[in-house]
Amino acid sequence: MDVLLIGSTGSLMRKMVEKLHKEGHRIFVLTEEGRETFFNRKVFETYRFSYDNACIREVFVSVKPQVTLFLGAYDKTFPWKTGMNTSIKFSSSLLNLLMSFAALRQGRFIYLSSEEALQGFEATDDGEVVKNNNSTEKAQCVAMGEKTCLDYGKMTMGDVMVLRLGNLYGIPEDGSELDNVCAKACMDALDLGEIKLHPGRSVNVLKAKPVMDLQAEDMEVLEGEKRFGLLHLMDAVEFIYKMMTVKGHASDIYQYSGKTLVTEREMAELIVSGMTQGQGGEGAPAIIDALEGSETVMVLDGSDPDEEFGLTEMNPPRKALPALAEYFKKHAGRYSRLQDRQESAWEAFMRKAKEMIHAGIPFIENLIVFIPFFMLNNRATDHVYFKHLDFYLLYVLLFAIVHGQQQAIFSCLLAIAGYVFRQMYWRSGFDVLLDYSTYVWMAQLLILGLVVGYMKDKLRAIREENANEVEFLTRQLADMSDINGSNVRVKDVLSDQLVNQNDSIGKIYEITSGLDQYEPEEVLFYAADVVAKIMHCKDVAIYSIADDTYARLVSSTSDKARSLGNSVHYRKMEQMYDVLAQKKVYINKNMSEEYPLMANAIFGGEQMQLIIMVWGISWERMTLGQANVLAITSYLIQNAVLRADKYMEVLRSQRYVGKTHVMETEAFAQLVSAFLRAREKGFTKCTLVDLNVGGISLEELDVMLSQLLRTTDYVGLLDNGGVQVLLANSAPKDAEFVAKRLKEAGLDCRIEEDAVV
């Protein structure tokens, strides 16, 4: 899919580019920024034109995007502090973009709005919602932009959407992105050492309508403390991407905000906890109740898109706010709010004075150089050798050649003044003005100065144009080099696939079919190694579902794969579990350290039996193609596992003593040999514990051990009539805790550390 992103460089643009690039879409960017931006390697083409330029239509015709995203309220191109000029610029730019989009008669246009558009509403002391006239220039423009887009979409029968995002926050890229409530609170905590809680009310906006069509009955005042619906940047990106790719939609305007509402005090406490993490609360910013001021917070009800598209909040405030605060504290020096405060009169005077001095330097230089030329001309007038030499002409030519036409005119005026002043030594001013030779001299001076100055300016313009063209061609060459490098990498990958066929179905089946040569007890141990070979990574773990809460580690190929521990509460890993429960492959798109990079579940009927977790995959290989490879591998492994389970179930009566969970000697010996062989290859850990049961019967021992051991541990008989326990995924140090528990229960035991196959 071809996507055109319109906006300036920022956190939102960066994350959208990364998301679209990761999903395999071709990205075009239209921006007014003239500098080199970060996303050139991931963007197919970047166009740098003003949004209200007539050539924008040619850009749309050239790109023919399936989806066009205009950042709108989040576009830093528009300096809203300049007031009316920015409003006119924003409106004309949006209209030009819509007209250019409508000329294509295809694709989807998405306009991003924000809760700022609702500044025209406030809550009274009586609990009513009323309109006011306190909205800013930006709020009015963003609100009018919503109405313009919707009306234009109806008029042209085009697919135009408005997405209104509420209280968007995330890791800011620079100091210009500190305008959200979370960033302001973090900076107050850093700069002032305190976070002020201002009184106010929260208004829940129930319906997604253009601001001009909203009525008081479309809102409700929330009781209690002021609350915020905070929307994390990554959740917003997922929502926008969903709206880009969805085929149909019930409405043309949607509003979306965080599902979890937090009070201002809760937000401040989460920020403080993030900044004091690991310090025991020392140096914590103070939380102060401010008595002055009253504000109305708009909470966007996002139930409509949630019900229609099934959205998930991946970064709730209780998880994301402490991480944001910790990041602010670590990078406090990176952000500066000096540009956000009101400029004082003295600072404005100094700034303008510096500008005037900088602009006046050439004129001051002209005046200083004029003095020696004036003196030389006066001395040369009566000299026999230099009286025919025109020093004023040389003076004008000098500044015309060095500075151009502007300074040539100024030097001409100074030369004329000096000439007239010299002539008035022996003649009156009236005689000088009536002398035609004076005007002839002035004319030749002006003509020569203007011509030379014009040529200087022309040459300067040609040089700048050539420099810009060289810079543009250099950027184009760099982009072409990047594209060529990408094509070479793709060619190499395809060549390797053609030569090696490592990822073909036949090759995958050939590797997985090797599991059939192992004993039923060994299948799961070597399954992890099979997945590692197919996925071309060293870190794979397989967990077996023990109950509705925990999964136990069965086998692994490295310490990294065992980083989650021998047991995991898989239902608490909501991001992964929600995907696996739908029988899909989980991909760690956020690169969260507490989750594997990829995971897939093996089901027996409708019950989840195993979870395969994969680490150590490079970012470039975390694609849908690799997810499909993992899914196919899991299905093939599932066949081997199910065959082994059925075989073990058939032989159950021959493997256990009576109705107990104590294994027969031969079956237990095979199981121990399988574990020890897997331990030698590093696929698992295990420890054997010898029991001295005395006169306790096997039935009593079975009941006793069922309360002392895990479900993944095994008990079996030895040739000498003794009883032995196999502790799965347990090193000798871990077995000491089990041995202590057995001794406390009255069973004499000994850890066997030197067991071999």
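Thr-263 sits in strand β16, which covers residues 261–263; strands here are DSSP runs of E with at least two residues, helices are runs of H or I with at least four residues, and both are numbered from the N terminus. This is a predicted model, in which local features need pLDDT of at least 70 and side-chain atom pairs count only at pLDDT 80 or more, while totals for chains, interfaces and linings use all residues. Residues are numbered from 1 along each chain as its sequence is written, and side-chain values use heavy atoms, with hydrogens and water left out.

With a relative accessible area of 12%, Thr-263 is buried, where buried means under 20%, exposed means over 50% and partly exposed lies in between, using a 1.4 Å probe and protein chains only. Leaving aside residues up to four places away in sequence, Thr-263 touches Glu-225, Lys-226 and Arg-227, a contact being heavy atoms within 4.5 Å.

Let me turn to Ser-114, which lies in strand β5, residues 108–114. Is Ser-114 buried or exposed? Ser-114 counts as buried because its relative accessibility is 1%. Its contacts, again without residues up to four places away in sequence, are Ala-73, Tyr-74, Val-142, Arg-164 and Leu-165. The C-alpha atoms of Ser-114 and Gly-72 are 8.9 Å apart, although 42 residues separate the two along the chain.

Now to the aromatic rings. There are 18 aromatic pairs, counted when ring centres of Phe, Tyr or Trp (its six-membered ring) lie within 6.5 Å, with planes under 30 degrees apart called stacked, over 60 edge-to-face and the rest tilted. One of these is the tilted pair of Phe-101 and Phe-109, with 5.5 Å between centres and 50° between planes, and both Phe-101 and Phe-109 are buried. Elsewhere, Phe-370, Phe-373, Phe-374, Tyr-392, Tyr-395 and Phe-399 make up one aromatic cluster.

Two rings also have a charge over them, by the rule that NZ of Lys or CZ of Arg is within 6 Å of the ring centre and within 35 degrees of the ring normal. Arg-26 lies over the face of Phe-44, 4.7 Å from the ring centre, and the charged end of Lys-583 sits over the ring of Phe-603, at 5.2 Å from its centre.

Finally, a word on Leu-446, which belongs to helix α14. With a relative accessible area of 31%, Leu-446 is partly exposed.
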